[in-house]
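Please consult the sequence and the structure below while reading.

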Amino acid sequence: MSTAQVPPVTAIGTPRITAGFDEYGRLDLLAHQEVHGGFAALSSGELIGLADRIELRGRGGAGFPFARKVRAVVDSCRRQDLPPVIVVNATEGEPPSWKDKAVLTRGPHLILDGAALAAAALDAEEIVIGVADDGVGQNSLAAALAERKMPCPTRIVVVPHRFISGEGGALVRGINGEAHIPPGRKVRSSDNGVMGLPTLLSNAETYSQLAIAARLGPWEYNSVGIPEEPGTVMLTVGGSATAPAVVEAPTGTPLMEVLEMCGADLGPGLLVGGYHGKWVTAEQAKTINISRKGFAKVGGTLGAGMLIPIGSKTCPVGEVAQVVQYLAGESAGQCGPCRIGLPDLARAVTLVSLGGNAVEQVRQAAGMVKGRGACSHPDGSSRFALSALEVFQDDVRAHANGEGCGKQVRGILPLPYTAEKGARKLALDWSRCDGHGLCSAVAPEIIRLDHNGFPAFPQTPLPPWLEDGARKAVNVCPALALRLTEPTPST
């Protein structure tokens, strides 16, 4: 994956984080200083006060107040008589998300400014910046570090580009040389993080917003957006949008203004907050303003700023089934709800997409994992699946009666393995198939039999965790009718 694949970046109103992107493309240190100017160092108390006055919250998904994180680290440092570590989470593991990568590739100095502010205020031992191994942003960040002096040693740590690698505990474990998976139990990084030191961990956009606020001051920063959630937010608009983009928008901007600017065909529903987010109906989408409060009114979440309209030309049930399969494969596999429950959920959703009357199975499987995992992965995955059943009721009914919705799965919801050379599809030679049914017996999570007793399965790339089952199905076919094929890599 190259930096050329980062979507275009635009802004509604006066850009802040994205200022200078149109003029310079990528801002080196001189361009960055010309666009943004300098800023004064802050004490720990001033840092906390600034974050409090601008209501700065984490932009990685959870929305935790940044000032509370800083207070917890300061208290822990005093209690343990230890220096802190500053961690920037720029891994952005969710396939639909590009906002942090856009800043990494085009405005890396703003991220470094925010990290430097925090490090100087807390007298940090080290700054660590976590990036994914997808090749997007790492070179830009390294070049930016080479241009400037940081207040303490600063290094880049590359982690696997997986959905769960960006979870805070997983990132800390990866930096510490352990497996890049969540720790399996609640560990406060503010008490015991990188190298066992108190650790301030937040995502790349959060540090960028901090750098903007340090320059503008709280009054000017709060002059944009809504009073209870001032400032701008970075959004990734994809899905059915004909002009997908990373958009910087003031809070309070009508959601439809953002979608229309990107040429989005809304269709029956919109995914907000990413693959751990929630589907909302087209009618609900038309009532939302961009803010945590705005999305909460319809039971959704701003999350990490992903907006994914499904469009009217794709099969939403098939798209959802692919993503649930992917989420099941992204499990750390360290607790039962993930290791067993998520594959059960994926099988049930896949049955619905294939025409099975399995809606209750989806609800039961989701109920078995909700609130029971060692991290938020089971909860987020079940929320994604259950909200899809509600929003796409008409399509679910059409699939359940055996007729299907008449639309194809088009990859509107992006998945990393669909573009990989190793991703495979199942194919069937109908001239050979005699309907023995053995394939469905050995791989029921992939293949079911239709009402005539012949195999039916999704015409989509297989997630890696299902490939072994697919090979077994191919091997047991007495007529040699099944085979695995390489899909055409997406461009």
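In this predicted model, Ile 127 stands opposite Thr 154 in strand S4. Six bridges join S3 to S4, and the two strands run parallel. The pairing belongs to an open sheet of four strands in the order S4-S3-S2-S5, with parallel pairing.

**Sheet edges and twist**

- Strand S4 (154-159) and S5 each have a single partner strand and stand at the edges, so one side of each is left without a neighbour in the sheet.
- From one strand to the next, the twist averages 20 degrees.
- Strands of a sheet pair through backbone hydrogen bonds, either parallel or antiparallel.

**Strand S2 and its partners**

- Strand S2 (residues 85-90) is joined to strand S3 (residues 126-132) by six bridges, and these strands run parallel.
- Within this pairing, Val 85 of S2 stands opposite Glu 126 in S3.
- Five bridges connect S2 with strand S5 (residues 199-203), again in a parallel arrangement.
- Here Ile 86 of S2 stands opposite Leu 200 in S5.

**Burial of S2**

- Strand S2 is mostly covered, with six of its six residues buried.
- Both faces of S2 are covered: one side carries Val 85, Val 87 and Asn 89, the other carries Ile 86, Val 88 and Ala 90, and all of these are buried.

- Helix H9 (residues 204-221) lies across S2 and S5 and runs at about 95 degrees to S5.

**Packing of H3 and H4**

- Helix H3 (residues 44-53) packs with helix H4 (residues 66-80) at an angle of about 155 degrees, and their axes are 8 Å apart.
- Because angles over 145 degrees count as roughly antiparallel, H3 and H4 are described as roughly antiparallel to each other.
- The crossing in which H3 passes H4 is left-handed.
- On the H3 side, the residues in contact are Ser 44, Leu 47, Ile 48, Ala 51 and Asp 52; on the H4 side, they are Phe 66, Ala 67, Val 70, Arg 71 and Val 74.
- By class, the contact of H3 with H4 comprises seven nonpolar, one polar and two charged residues.

Definitions and conventions. Residues are numbered from 1 along each chain as its sequence is written. This is a predicted model: local features need pLDDT of at least 70, side-chain atom pairs count only at pLDDT 80 or more; totals for chains, interfaces and linings use all residues. Side-chain values use heavy atoms; hydrogens and water are left out. Axes are lines fitted to C-alpha atoms, for helices over the stretch in contact, and angles run from 0 to 180 degrees between N-to-C directions. Angles under 35 degrees count as roughly parallel, over 145 as roughly antiparallel, 65 to 115 as roughly perpendicular and the rest as oblique. A crossing is left-handed if the near helix is turned anticlockwise from the far one by less than a right angle, and right-handed if clockwise. Contact means heavy atoms within 4.5 Å. Ala, Val, Leu, Ile, Met, Phe, Trp, Tyr, Cys and Pro count as nonpolar, Asp, Glu, Lys and Arg as charged, and the others, Gly among them, as polar. Buried means under 20% relative accessible area, exposed over 50%, partly exposed in between (1.4 Å probe, protein chains only). Two strands pair if DSSP finds at least two bridges between them.
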